[in-house]
Amino acid sequence: MSERKRVLLAEPRGYCAGVDRAVETVERALDKHGAPVYVRKEIVHNRHVVETLSERGAIFVGETDEVPEGALVVFSAHGVSPEVHRSAAERSLKTIDATCPLVTKVHQEAKRFARDDYDILLIGHEGHEEVEGTAGEAPQHVQLVDGPDSVDDVTVRDESKIVWLSQTTLSVDETMETVNRLRQKFPLLNDPPSDDICYATQNRQVAVKAMAPRCDLVIVVGSKNSSNSVRLVEVALQAGASAAHLVDYARDIDLDWLEGVDTVGITSGASVPEVLVRGVVDLLAEHGFDSVESVTTANETVTFALPRELRPARTAR
């Protein structure tokens, strides 16, 4: 048996390529244009990131009509509907779009299937910004399916012309359960041309599944409004962790959780900087959990180029 108290660190965890690009977009925009830079909604769903960027001069707003005419606004990683682009243009706003390229791909699929007059069943959580952006591409064609239990309410015009798409940050298992229920009701349901669940969401869930059965407690670092972070807690419990909790910071950990615990698993959502994970590791070390072991299920090498407006100018060779 290894030391009594140990920490298992899930790999991969934390920042994905889309979040990295979005956060860097706001940082570069501040460097280039100076404060303030307006950002519609939270650039990514993480409290620490939003507070840090606010301190540098980013101003987060709910809608474009809160941005002064002619100012610069960045659209968040979750994507926006064509309506938002239109309202920004009406106010002569300069825009930089930090939408994750994987979300943009789902938008393109929605537009394509709407052009071909399909009913699009969008699996996702009501009110989530990503869902609002995707549905806004083709509001006449998109129906939201919020989990397996809402399948009964779905109606379509032509059962031979339906396709499902998905919010990128859902749990793979939950999405497939919803798809299976839809397929029982509509046997001719088409799959999207490519997997919508983002590679990073999937990888973080796979790592947690591998780690959870060995854990008395799993701590997921992430914010409550981060869909993929909330899913990691659910995945950990379903995969066999005795307990699992979501925390923004190490200080949110209730020390009572550690009573009688030998193995703590740690992971973080795709919008969480590693410094917050380090804080949790340090706190646990203070309470005797000083043996740390990685549980690695994938190595991520994906990167995305910055929006065109912020790419460095090419120098002649």
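Arg 183 is partly exposed at 27% relative accessibility, where partly exposed lies between buried (under 20% relative accessible area) and exposed (over 50%), with a 1.4 Å probe and protein chains only. The model is predicted, so local features need pLDDT of at least 70 and side-chain atom pairs count only at pLDDT 80 or more, while totals for chains, interfaces and linings use all residues. Residues are numbered from 1 along each chain as its sequence is written, and side-chain values use heavy atoms, with hydrogens and water left out.

Arg 183 pairs with Asp 191 in a salt bridge, a term that stands for a side-chain nitrogen of Lys or Arg within 4 Å of a carboxyl oxygen of Asp or Glu. The closest N and O atoms of this pair are 2.9 Å apart, and Asp 191 is partly exposed, with a relative accessible area of 43%. A second pair brings together Glu 293 and Arg 214, at 2.8 Å from N to O. Glu 293 belongs to strand β12 (residues 291-296) and Arg 214 to the loop between α7 (199-211) and β9 (217-221), so this bridge ties together parts that are 79 residues apart in sequence. Helices (H or I, at least four residues) and strands (E, at least two) are DSSP runs, numbered from the N terminus. Both partners are partly exposed, Glu 293 at 32% and Arg 214 at 36%. Salt bridges that share partners also join Glu 11, Arg 13, Glu 274 and Arg 278 into one network.

In total, 21 salt bridges are counted. One of them links Asp 262 with Arg 4, at 3.1 Å from N to O. Asp 262 sits in the loop between β10 (244-247) and β11 (263-268) and Arg 4 in the segment before β1 (6-11), so the pair connects parts that are 258 residues apart in sequence. Arg 4 counts as exposed, at 58% relative accessibility.

Asp 149 is found in the loop between β7 (142-145) and β8 (162-166) and is exposed at 65% relative accessibility.

Leaving aside residues up to four places away in sequence, His 107 touches Val 80, Gly 133, Thr 134 and Glu 137, contact meaning heavy atoms within 4.5 Å.
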